[in-house]
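User: I have a structure on screen and want to learn how to read it. Can you take me through some features?

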Amino acid sequence: MSADGISVIICAYAQKRWPNLVAAVVSLQNQTLAAREIIVVIDHNQELFQQVQARFPEVTVIENREARGLSGARNSGIAVAKGEFLAFLDDDAIAKPDWLAQLQSALVDTRVLGVGGAVVPDWAGPRPTWFPSEFQWVVGCTYVGMPRVSAPIRNPVGANMCLRREVFQAVGGFHNGIGRVGTLPVGCEETELCIRARQYWSERFFLYIPQAQVSHYVPPQRATWRYFCTRCYAEGRSKAAISRLVGTKDALSSESTYTLWTLPIGVLCNLYILLFKHRPAAFLRAVAIIFGLSITATGYLIGKYEYSSSSMYKKE
């Protein structure tokens, strides 16, 4: 069987992630439903570009033709892709064998602009006992608060998503002013793009299907309190940036429920576990939820202040 309409794009930038990149590409080559093409975009690293070409001659390997960063690399991949649907997989993620088959089945409904699936953390070492599941977005994974069954969502997680080509034709590509650049832990470029699409097609939607699953490698340096805080702060600043581009209401539509419902329940559940099951790590998770929210909110407020005078982030 062949998913003739799906082009899969992987963006990579660093040699140190070479084993992860190889595993990601191999997982795509072993799909039960073959992709039309696999495109690897190298973000301004000539040595890595040549290395990938030599290792995978059957794969389309190109260089990022835009500004350095994930948004520009994705846009470069989109520009050469031939498929009707464009799937995106992180260079440190491994797709389950039926990943493309699951994505394709959801896209039969023409109302669906795009689809995303579950991103399961693959911890390089022991999972920190203080790390709350509500904040797994910090390491680019599915988190508590997302649907447990197939359901419409504002936007899929960038490590595991597939969008119709017409989305990019109608509203443009990923915004180069936001998104990860190298190891700088910012993001939200897919959030901003999907909001633009929903503003353009109010009657259509993005869909989450948990059975379309990938595992996402989490290195030891991302399992630290320092990275947790840095990523939360960066997320707040990213949300401030997209609120300038697409409006605060749409930019924070999912965060309202998450902040007012999911996080308080997480704190209460962990306090219950502490008091009645006598597990000290539960207290640390409750504290991490409170601090994570506070740091993210601080980043958002500072970002709103800084971006208020920047024409780059003004809504067009």
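Analyst: We will go through a helix, the nonpolar cores and one arginine. Keep in mind that this is a predicted model.

User: Let's begin with helix α7. How many residues does α7 have, and what span does it reach?

Analyst: Compare the span with the expected one. α7 covers residues 225–246, which is 22 residues. From first C-alpha to last it reaches 31 Å, close to the 32 Å expected at 1.5 Å a residue. Glycine 247 follows α7, and its phi is positive, near 100°.

User: Why is α7 called largely enclosed by the rest of the structure?

Analyst: Count buried residues. In α7, 16 of the 22 are buried, so the helix is largely enclosed.

User: Which residues have the most contacts inside the largest nonpolar core?

Analyst: That core has 88 residues. Those with the most contacts inside it are Val52, Leu89, Trp99, Phe135, Val138 and Phe228. Strand β9 (residues 205–218) gives the largest share, eight residues. A second, separate core has eight residues, including Ile178 and Ile242.

User: What does valine 138 touch, leaving out residues up to four places away in sequence?

Analyst: Valine 138 touches Phe131, Tyr227, Phe228, Arg231 and Cys232.

User: Now arginine 154. Is it buried or exposed?

Analyst: Check relative accessibility against the cut-off: under 20% is buried. Arginine 154 is at 16%, so it counts as buried. It lies in the loop between β7 (151–153) and β8 (160–164).

User: Which side chains make polar contacts with the side chain of arginine 154?

Analyst: One is asparagine 155, at 2.8 Å. Another is glutamate 255, at 2.7 Å.

Key
Residues numbered from 1 in each chain as written. Predicted model: local features only at pLDDT ≥ 70, side-chain atom pairs only at ≥ 80, totals over all residues. Heavy atoms only, no water. Helix = DSSP H or I, 4+ residues; strand = E, 2+ residues; numbered from the N terminus. Expected span 1.5 Å × (residues − 1). Buried < 20%, exposed > 50% of the residue type's maximum accessible area, 1.4 Å probe, protein only. Core = buried A, V, L, I, M, F, W, Y, C linked by side-chain atoms within 4.5 Å. Contact = heavy atoms within 4.5 Å. Polar contact = N/O pair within 3.5 Å; in protein donor to acceptor, adjacent residues only side chain to side chain.
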